[in-house]
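This briefing takes up a few local features of the structure shown here, grouped by topic.

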Amino acid sequence: MNMDELKRQAAAKALEHVRDGMKLGLGTGSTAKHFVELLGERVAGGLKVIGVPTSETTRADAQRCGVPLTTLDEVDRLDLTVDGADEVDPALNLIKGGGGALLREKIVAAASDRMIVIADDSKWVPTLGRFPLPVEVIPFGLSATRRAIADVFAKCGLHGEMAIRSGKDGHAFVTDGGHWIIDARLGTITDAPRLAGLLGAIPGVVEHGLFIGLASTAMLAGSQGIRVFERP
Ligand SMILES: O=C[C@H](O)[C@H](O)[C@H](O)COP(=O)(O)O
């Protein structure tokens, strides 16, 4: 079975948890896109849900699939967010943001009663950090912000290359919020909650891709079937 089929299987498993009347957070990325498409099929069959997209790409996908949309200004809490991840560890802490949507994804996840992470099982890691950590930054004062990020890494015993993410046009990649992303190759993040706290306190850092304590459930599809993990 190829990777894309595994992603679709994980998405289908998450769909089993969607009930009529739910307010949903709709994630971003190739796995979340499967969920939006499958959800669209259920909506066409009469399911009543409303979704908040976590990116302009997901907004367009959801509109194409006929999923009704709203915003966090119009609804209070969301019942469930279903989203992909770049890495998942045994505590269900995550690295996200490979597609650049981490800021809206984190806002939506934090406004949800439950977050289900869907992925193929290559995303499962014993310790976060193999995937470069995305840090969303304000372009103003970038060098100062970068130095502050490097100081935080050193304080956490981490050393690694930092690179401004480029877009397809070769210029800096710009997020939906108009910010840039620094990708940091850290290798192994031994204390992700501490790193998350320190990064979040840097002026100029808008958000980072460490999702600590936000995911309730992970559904990971592999050749042996789907494994479901609940946050310990
Ligand atoms: O910014 C993008 C998101 O965090 C994605 O959910 C993440 O990169 C996983 O994407 P994919 O399902 O394409 O591997």
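Glutamate 105 lies within helix H4, which spans residues 102-110. The model is a predicted one, and the points below should be read with that in mind.

- In an unreviewed entry, UniProt lists Glu105 under "active site".
- Because the relative accessibility of glutamate 105 is 2%, and buried means under 20%, this residue counts as buried.
- Once its neighbours within four places in sequence are left aside, glutamate 105 is in contact with Thr28, Thr54, Asp83, Lys96, Gly97 and Phe211.

**Strand S3 and its partners**

- Strand S3 (residues 80-83) is covered on both faces, with Leu80 and Val82 buried on one side and Thr81 and Asp83 buried on the other; Asp83 is also among the contacts of glutamate 105.
- Strand S1 (residues 23-26) pairs with S3 in the parallel sense over three bridges, and threonine 81 in S3 is the bridge partner of glycine 25.

**Packing of helices H1 and H2**

- The axes of helix H1 (residues 3-15) and helix H2 (residues 30-44) come within 8 Å and cross at roughly 50°, which means that H1 is oblique to H2.
- The crossing in which H1 passes H2 is right-handed.
- On the H1 side the residues that meet H2 include Lys7, Arg8, Ala11 and Leu15, while those they meet in H2 include His34, Phe35, Leu38 and Arg42.

Key: Residues numbered from 1 in each chain as written. Predicted model: local features only at pLDDT ≥ 70, side-chain atom pairs only at ≥ 80, totals over all residues. Heavy atoms only, no water. Buried < 20%, exposed > 50% of the residue type's maximum accessible area, 1.4 Å probe, protein only. Helix = DSSP H or I, 4+ residues; strand = E, 2+ residues; numbered from the N terminus. Pairing = 2+ DSSP bridges. UniProt positions renumbered as here; feature names shortened; annotations may be inferred. Contact = heavy atoms within 4.5 Å. Axes fitted to C-alpha atoms, helices over the stretch in contact; angles between N-to-C directions. Parallel < 35°, antiparallel > 145°, perpendicular 65-115°, else oblique. Left-handed = near helix turned anticlockwise from the far one by under 90°.
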